[in-house]
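Subject: Structure handover

Hello,

Here is the structure I promised to pass on.

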Amino acid sequence: MPRIMGLDVGDKTIGVALSDLLGWTAQGLETIRRIGIKKDLQRLEEIIKEYEVNKIVVGLPKNMNGTIGPQGEKVLEFNERLGKRFNNIEIVPWDERLTTVAAERSLIEADVSRKKRKEVIDKIAAIYILQGYLDSLSK
């Protein structure tokens with residue numbers, strides 16, 4: 001059964017989350033340390049094949065006024081590369097404003113150490129991105 005993948009794309013890491021088989025909940029999978037675009041896409045391809053991903057939701061960072069800044073431009077460029085490499089998979093940009101803030105807050109509330117937060121923050125942000133998308137489908 002196909003799944004949906006959620007990505008939180010940063011300069012140094014990519015947080016990866018996957019939907020459950022029913023498409024109701026998002027679970028964190030891993031944080032990819034970025035080495036180069038070819039290696040990044042290669043790792044994503046392995047995950048796509050293993051979990052039969054048929055859609056990718058990519059967090060698009062926007063400014064609070066809705067405009068797209070420099071980081072958003074980088075993500076749009078990344079989305080183009082994704083689309084070329086995986087032309088049979090729908091790529092969905094998703095407004096990710098404040099997802100990292102929410103992820104950080106939840107980790108602090110759970111009393112996760114600063115070092116551990118740094119290791120998992122992108123994966124947690126990917127969960128928030130994907131869960132927001134999945135929730136929008138059920139409305």
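The notes below start with how to read the values.

This is a predicted model, in which local features need pLDDT of at least 70, side-chain atom pairs count only at pLDDT 80 or more, and totals for chains, interfaces and linings use all residues. Residues are numbered from 1 along each chain as its sequence is written, and side-chain values use heavy atoms, with hydrogens and water left out.

Helix α1 covers residues 37–51; helices are DSSP runs of H or I with at least four residues, strands are runs of E with at least two, and both are numbered from the N terminus.

Asp40, Leu41, Leu44, Ile47 and Ile48 are the buried residues of α1. They fall within an arc of 120° seen down the helix axis, so they line one face of α1 (the arc is that of the directions from the axis to the C-beta atoms). Lys38, Lys49 and Glu50 are exposed on the face turned away from that buried side. Buried means under 20% relative accessible area, exposed over 50%, and partly exposed in between, with a 1.4 Å probe and protein chains only.

Glu52 lies in the loop between α1 and β4. Its phi is positive, near 55°, in a residue other than glycine. Glu52 is partly exposed, with a relative accessible area of 47%.

Regards

Terms used:
The expected span of a helix is 1.5 Å times one less than its number of residues.
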